[in-house]
Amino acid sequence: MAVADIVIKQEAVEAVDLQDRILELCKGTPKGISDRTILQDMPSVSAEQRVAAINRLLSTGKIELLKSGSQLLYKYKDDQQTNQKTKGFELEEKLVYQTIEESSNKGIWIRDIRYKCNLQMTQLNRIIKTLESKKLIKAVKSVAASKKKVYMLFNLEPDESVTGGAWYSDQDFEAEFVEVLNQQCFKYLEQKAEKLHADPVARRNASYAPAEDVWKYITQLGISKVQLSVHDIETILSTLIFDGRVETTIVSAGTSTSRTAVSGQKTLYRAIFPIVPSTGLMTSPCGVCPVIDHCRDGAAISPKTCIYMKDWLDL
């Protein structure tokens, strides 16, 4: 008689148990834990389960999302500590503080605070000044709107969507800085591509480099006044891809800090050189315009009204 195969079914991790475990990890590390910490503690849990549990804890206010450099951290939200900070506050002051706290490191405009708290502007301004004087909240200028400020808790690092990240200084886009980084990133990949190998396949493979290597090269040059992350360098490399100067390939990730290292894979970058230079027509907006067949003088689409042509000619 044949012995029946015994199939052991692995029980799915309960969502509540997973949330409790993440909460315990956060409590054990007051400064906050990263995704890597959770992954090391629970390697068998899928990414979907992990994300769902974290989002649930964030939405229920049990943990908060902070940023340390280029790394995201999950920190246990101590209600007793919050109550201690707002001890002696009037109801309106506590309501404003909690509304700003909920906005996390992305902040909230004063108009939205007024709408959520249903307060008069004079009363709200007084409460805001009181909280600022106690260093419980702070105002941060947003690159999205130069004349508007967002408010967040005093100890939070503003999100890149607010400050613009490394590419902005005092709300001004650092175009020259970005251009220098473009040139240096391409120069590094260009130098790797020029290394001589007898085997053409080996030469091609040796010309690829991960974003971490490019980041180390840029860091050693010391051309940046701000601390750049691997994520920042990947953004620069993406612009080179769009310009047709760099191509990518996917390989096994191993250990990587790159944001593109997902599902056991990571991205490598390589400089490319066109065999035939682009013609003048292809560098103009007309060369890639999808509605060029409808473009004519006097029509809705015409050379006189083309905004892309004006930008290209710098008029």
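This report describes the helix packing, nonpolar cores and selected residues of a predicted protein model.

## Basis of the model

The model is predicted: local features need pLDDT of at least 70, side-chain atom pairs count only at pLDDT 80 or more, and totals for chains, interfaces and linings use all residues. Residues are numbered from 1 along each chain as its sequence is written, and side-chain values use heavy atoms, with hydrogens and water left out.

## Overall composition

The protein contains 14 helices and 10 strands; these are DSSP runs numbered from the N terminus, with helices (H or I) of at least four residues and strands (E) of at least two. Of its 315 residues, 32% count as buried. Buried means under 20% relative accessible area, exposed means over 50%, and partly exposed lies in between, for a 1.4 Å probe and protein chains only.

The accessible surface comes to about 21000 Å², and 53% of it belongs to carbon and sulfur atoms. Such areas come from the Shrake-Rupley method with a 1.4 Å probe, and for residues only the protein chains shown count as cover. Among contacts (heavy atoms within 4.5 Å) between residues at least 6 apart in sequence, 53% join residues at least 24 apart.

## Nonpolar cores

A nonpolar core is a set of buried Ala, Val, Leu, Ile, Met, Phe, Trp, Tyr and Cys residues joined through side-chain atoms within 4.5 Å. The largest one has 23 residues, and those with the most contacts inside it include Trp-167, Cys-185, Leu-228 and Leu-237. Helix 9 (175-193), helix 11 (211-221), helix 12 (230-242) and strand 10 (265-271) each supply at least two residues of this core. The most come from helix 9, which gives seven.

Setting aside residues up to four places away in sequence, Leu-228 touches Ala-166, Trp-167, Phe-177, Leu-181, Trp-215, Ile-218 and Ile-233. A second, separate core of 22 residues includes Cys-117, Leu-119, Leu-124 and Ile-137.

## Helix 9 against helix 12

Helix 9 and helix 12 pack at an angle of about 80°, and their axes are 10 Å apart. Helix 9 is therefore roughly perpendicular to helix 12. Axes are lines fitted to C-alpha atoms, for helices over the stretch in contact, and angles run from 0 to 180 degrees between N-to-C directions. Angles under 35 degrees count as roughly parallel, over 145 as roughly antiparallel, 65 to 115 as roughly perpendicular and the rest as oblique.

From helix 9, Val-178, Leu-181, Asn-182, Cys-185, Phe-186 and Leu-189 meet Ile-233, Ile-236, Leu-237, Thr-239 and Leu-240 of helix 12. The residues of this contact comprise nine nonpolar, two polar and no charged. Here Ala, Val, Leu, Ile, Met, Phe, Trp, Tyr, Cys and Pro count as nonpolar, Asp, Glu, Lys and Arg as charged, and the others, Gly among them, as polar.

## Helix 5 against helix 7

Helix 5 (residues 91-102) packs against helix 7 (residues 121-133) at about 70°, with axes 10 Å apart; the two are therefore roughly perpendicular. Among the residues that meet are Glu-92, Val-96 and Tyr-97 in helix 5 and Leu-124, Arg-126 and Ile-127 in helix 7. This contact divides into seven nonpolar, two polar and three charged residues.

## Selected residues

Ser-104 lies in the loop between helix 5 and strand 3 (108-109), and Lys-135 in the loop between helix 7 and strand 4. Phi is near 55° in Ser-104 and near 55° in Lys-135. Most residues other than glycine have a negative phi. Lys-135 is exposed, at 57% relative accessible area.

Ser-142, in strand 4 (residues 137-142), counts as buried because its relative accessibility is 5%. Not counting residues up to four places away in sequence, Ser-142 touches Lys-148, Val-162 and Gln-171.
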